[in-house]
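Please keep the sequence and the coordinates at hand while reading.

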Amino acid sequence: MSISPRKDFRQCSWVPKGSEEQLNLGLDLIAYAYTSRHSSLTDEIATLAAKVKELSLKLREAEDKAAESQLLLQDLTQKGSQLDDDREQMTVALQKLKAENEYLQNLANNVKSTISVPQQSSESPPIRYREEYFH
């Protein structure tokens with residue numbers, strides 16, 4: 001069983017004539033190809049490792065910002081809830097004050113109508129009020 005070469009190198013001037021030399025040249029070419037491939041892959045690995053490190057740093061920064069944003073959101077949500085509670089309390093207090101104001105206005109009107117000077121009749125003497133009651 002013979003192995004046929006992929007290309008006939010007999011006419012190539014750079015190929016050595018002896019089989020031992022041809023084997024050494026072939027092994028050197030294979031070693032050079034592996035060394036070259038190893039070097040390019042090592043460079044690519046270093047480039048990818050640097051990219052991974054950069055992206056990891058960016059990811060960490062993004063996670064930190066997300067955590068800060070989450071805390072800010074929680075804080076603002078609490079403040080919003082507190083403001084909503086305060087608004088509810090103020091609404092209730094305002095309604096009570098309006099009702100109290102209406103009550104006091106009605107009371108003032110009743111008092112004014114009660115103490116207003118009555119119409120004089122011909123039979124009764126005029127009623128005099130002291131000025132200090134009205135100030």
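A salt bridge here is a side-chain nitrogen of Lys or Arg within 4 Å of a carboxyl oxygen of Asp or Glu. In this predicted model, the structure holds four salt bridges, among them a contact between Arg87 and Asp84 whose closest N and O atoms are 2.8 Å apart.

- Arg87 and Asp84 form a salt bridge at 2.8 Å between the closest N and O atoms, and the two residues stand three positions apart in helix α1, a separation of about one helical turn.
- Arg87 also meets the side chain of Glu88 in a salt bridge, with an N to O distance of 3.3 Å.
- Through salt bridges that share partners, Asp84, Arg87 and Glu88 are joined into one network.
- Arg87 counts as partly exposed at 45% relative accessibility, while Asp84 is partly exposed with a relative accessible area of 36%, and Glu88 is partly exposed with a value of 41%.

**The pair Asp75 and Lys79**
- Asp75 forms a salt bridge with Lys79, and the closest N and O atoms of this pair are 3.5 Å apart.
- Both Asp75 and Lys79 belong to helix α1, which covers residues 19-115, and they lie four residues apart, about one turn of the helix.
- Asp75 is partly exposed, its relative accessible area being 32%, and Lys79 is likewise partly exposed, with a relative accessible area of 47%.

Technical notes:
Residues are numbered from 1 along each chain as its sequence is written. This is a predicted model: local features need pLDDT of at least 70, side-chain atom pairs count only at pLDDT 80 or more; totals for chains, interfaces and linings use all residues. Side-chain values use heavy atoms; hydrogens and water are left out. Buried means under 20% relative accessible area, exposed over 50%, partly exposed in between (1.4 Å probe, protein chains only).
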